[in-house]
Amino acid sequence: MSDEPPRTRVLDTILASKKAEIAALHAAPPPRATRAPSGGVFEALRRPEGGALRLLAEVKLRSPSAGALSTSLRPPARARRYAEAGATMISVLVDGPFFGGSYDDLAACRDALDEAFGAARPKLLCKEFILDPIQLAMAAARGADAALLIARLTSADELARLADAARALGLEPFVEVATEEELEAAERARARVLGVNARDLDTLAMDHARAERVLARADRAAARVHLSGLASADDVARISQGPADAALVGEALMRQDDPGPLLRVMVARAALR
Ligand SMILES: O=P(O)(O)OC[C@@H](O)[C@@H](O)c1c[nH]c2ccccc12
């Protein structure tokens, strides 16, 4: 991880924006914690022997690869719909400039899920391009149980430091990798929740074969989550035949004004192994 990987303008532009956002977070008063992480993320994602693939559903109003997505349900109503349809975890994009999200969306989803489901609510993942512990403090204060840490964005040492900072706040580090080298960095950071992204963040290109290869090499003791590019219940059925504990679906659900029916079919096809 010593060499800076080549990056397209998208990731460069995102990272430049994050640096400015982080400076603004440091200049603002520290976030007042009104909600606390609940723990239990690893257990929620781990697929029991002979059990069904777990599904994570994502709240994402738009993306650089997909453009505009459905906004007919506000994030908290959508999160409830995902929970009713059987999502184990809900991922909320908090990035504003590129994905149309916010920390307020995260807090609103947490409140709606607490109200409707109490302690039985799905876990919440804060999805952001995290480079600084202040973003983790925001995630914890605004209702996340886990925070995404993208191995591509940092050195292996920085990744380990961010993972420690997340754990100190009670957040489960959810470490995203795309390559074997990044997998090593995640393991050095003692990540027990690993997301393998089938989409390359630099080129936005999909590569399912690479994702399958990297996922198969990941520590079997970790909760291993397939990320990106699942369009249909058939895709979910295919992933459920492999070694993954869980799979995350974003765009396909976000194209639905009511994601309930598609997610129910996906859950039904997340077959037993
Ligand atoms: O919409 P998709 O193809 O189902 O993918 C979801 C998720 O994996 C994707 O949103 C994602 C994976 N890693 C990220 C990092 C930042 C922002 C977004 C992401």
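The shell around the ligand consists of six nonpolar, four polar and five charged residues (Ala, Val, Leu, Ile, Met, Phe, Trp, Tyr, Cys and Pro count as nonpolar, Asp, Glu, Lys and Arg as charged, and the others, Gly among them, as polar). The model is predicted: local features need pLDDT of at least 70, side-chain atom pairs count only at pLDDT 80 or more, and totals for chains, interfaces and linings use all residues. Residues are numbered from 1 along each chain as its sequence is written.

**Ligand surroundings**
- The ligand is surrounded by 15 residues, and the closest are Leu227, Ser228, Gly229, Gly250 and Glu251 (a residue is near a molecule if its C-beta atom, placed from the backbone, lies within 6 Å of it).
- At least two residues of this shell come from each of strand E10 (246–249) and helix H10 (251–254); helices (H or I, at least four residues) and strands (E, at least two) are DSSP runs, numbered from the N terminus.

**Barrel**
- Eight strands, in the order E1-E4-E5-E6-E7-E8-E9-E10, close into a barrel with parallel pairing (two strands pair if DSSP finds at least two bridges between them).
- From one strand to the next, the twist averages 25 degrees (axes are lines fitted to C-alpha atoms, for helices over the stretch in contact, and angles run from 0 to 180 degrees between N-to-C directions).
- Strands E7 (residues 172–177) and E8 (residues 193–197) run parallel and are joined by four bridges.
- Glutamate 176 has glycine 195 in E8 as its bridge partner.

**Whole protein**
- The protein has eleven helices and ten strands.
- The C-alpha atoms of the protein fill a box of roughly 45 × 40 × 35 Å along the principal axes.
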